[in-house]
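Hi there,

Here is the structure I promised to pass on. Have a look at it first, and then read my notes below.

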Amino acid sequence: MHEALILVDVPLAPFIEELFAPDCRSGPWSLLEEGTNGALQEVEGLFLYGHPIIDGPFMDRLPNLKVISNFGVGIDHVDLAAAEARGIPVGNTPGAVEGATADMAMALLLACARNVVAGDRYARGPDFHYYDPSLFLGREVHGSTLGIVGLGNIGREVARRARGFDMRILYHSRHRKPKAESELGVEYASLRGLLEQAHFVTLNVPMTPETRHLIGEEQLAWMRSDGILVNVARGGVVDHAALYRALAGRRIAGAAIDVTEPEPLARDHPLLQLNNLVITPHLGSAGSRTRLRMAQMTMDNICAGLQGKRLPYAVRLS
Ligand code: 8YV
């Protein structure tokens, strides 16, 4: 039986391995460095877990590549125009990650607002001898103002959750969204107006040339001094050097980030030394149901692509 070789960019988790179609075998990314031309010719699919850059020259090294299937919705690392020019379909996992990623935005927001991480360390440590009502005073989330930057599928899910916390919700996006405004009770604001008013700012934009360093020195200066920035989008949306300066100088109160650029950051990166930063290792979609659904969709795209069929979850050039 012909077994299609699918390259995977990081070792496959066992629950994903189980879903691999019987007529597919996975191969390690190292084949790209070590493999002979013959071995590269065997590659028919890419199963992308992390965010390796897949551009035209990369695709040209794999002359029999039939499908690129991304485990996740953000597809900024794949050159879609180059894939289209070569007739290689690209798939992702729309609809699978939005709820879990919005959950994570709220988890980070709450953790940062209410000192959950520092409180956890203290409660386990040697200094906790008696209850002190003046310790770890945070900001109440309920009744505060939330600013959502990017009211796409994830941003809307964040808004739904924030309503349960009785928050006033501002949003900023390229275009005003009157339907969402009435459905979700959100108010449009300019980016500056949003940053100046919101106690919490969540970033929910895709990574594009326009959103690179959308939040830099100037935008951080617009934020309230008691403001908290939450990033569950892509690390590149925030200028890390500017964020470091804003946090270290207490220009803003805190930040909670699930994504960085690069990912992971160098272990001695100065951001990692700050105690007003909460950081997690890109856990946005890391719910077990969500990850299973993502794996199924990624494999469904692979199977369709190998058979020359339309991908069930195809990414289209916009
Ligand atoms: C994935 C994500 O975990 O869907 C996305 O865009 O960033 C995450 O949900 C990630 O893509 C897998 O590396």
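**What I found**

Phe 136 sits in the loop that runs between helix 7 (116-124) and strand 6 (145-149). Please bear in mind that this is a predicted model. The phi angle of Phe 136 is near 55 degrees, which is a positive value in a residue other than glycine.

Another loop, between strand 11 (254-257) and strand 12 (277-279), holds Pro 262. A cis peptide bond links Glu 261 to Pro 262, with omega at about 0 degrees.

Now to the ligand. There are 13 residues around it, and those that come nearest are Tyr 49, Val 73, Gly 74, His 282 and Ser 285. By class, this shell is made up of 5 nonpolar, 6 polar and 2 charged residues. A polar side-chain atom of His 282 is 2.8 Å from an oxygen atom of the ligand, and a polar side-chain atom of Arg 234 is likewise 2.8 Å from a ligand oxygen. Phe 71 takes part through its backbone, with an N or O atom 3.4 Å from an oxygen atom of the ligand. On its own the ligand has 330 Å² of accessible area, and the protein covers 89% of that.

Last, a pair of helices. The axes of helix 6 (residues 98-113) and helix 8 (residues 153-164) come within 8 Å and cross at roughly 55 degrees, so helix 6 is oblique to helix 8. The crossing of helix 6 past helix 8 is right-handed.

Best wishes

Note on methods:
Residues are numbered from 1 along each chain as its sequence is written. This is a predicted model: local features need pLDDT of at least 70, side-chain atom pairs count only at pLDDT 80 or more; totals for chains, interfaces and linings use all residues. Side-chain values use heavy atoms; hydrogens and water are left out. A residue is near a molecule or strand if one of its heavy atoms lies within 4 Å of it. A polar contact is a pair of N or O atoms within 3.5 Å; within protein, one must be able to donate a hydrogen and the other to accept it, and residues adjacent in sequence count only if both atoms are side-chain atoms. Accessible areas come from the Shrake-Rupley method with a 1.4 Å probe; for residues, only the protein chains shown count as cover. Ala, Val, Leu, Ile, Met, Phe, Trp, Tyr, Cys and Pro count as nonpolar, Asp, Glu, Lys and Arg as charged, and the others, Gly among them, as polar. Axes are lines fitted to C-alpha atoms, for helices over the stretch in contact, and angles run from 0 to 180 degrees between N-to-C directions. Helices (H or I, at least four residues) and strands (E, at least two) are DSSP runs, numbered from the N terminus. Angles under 35 degrees count as roughly parallel, over 145 as roughly antiparallel, 65 to 115 as roughly perpendicular and the rest as oblique. A crossing is left-handed if the near helix is turned anticlockwise from the far one by less than a right angle, and right-handed if clockwise.
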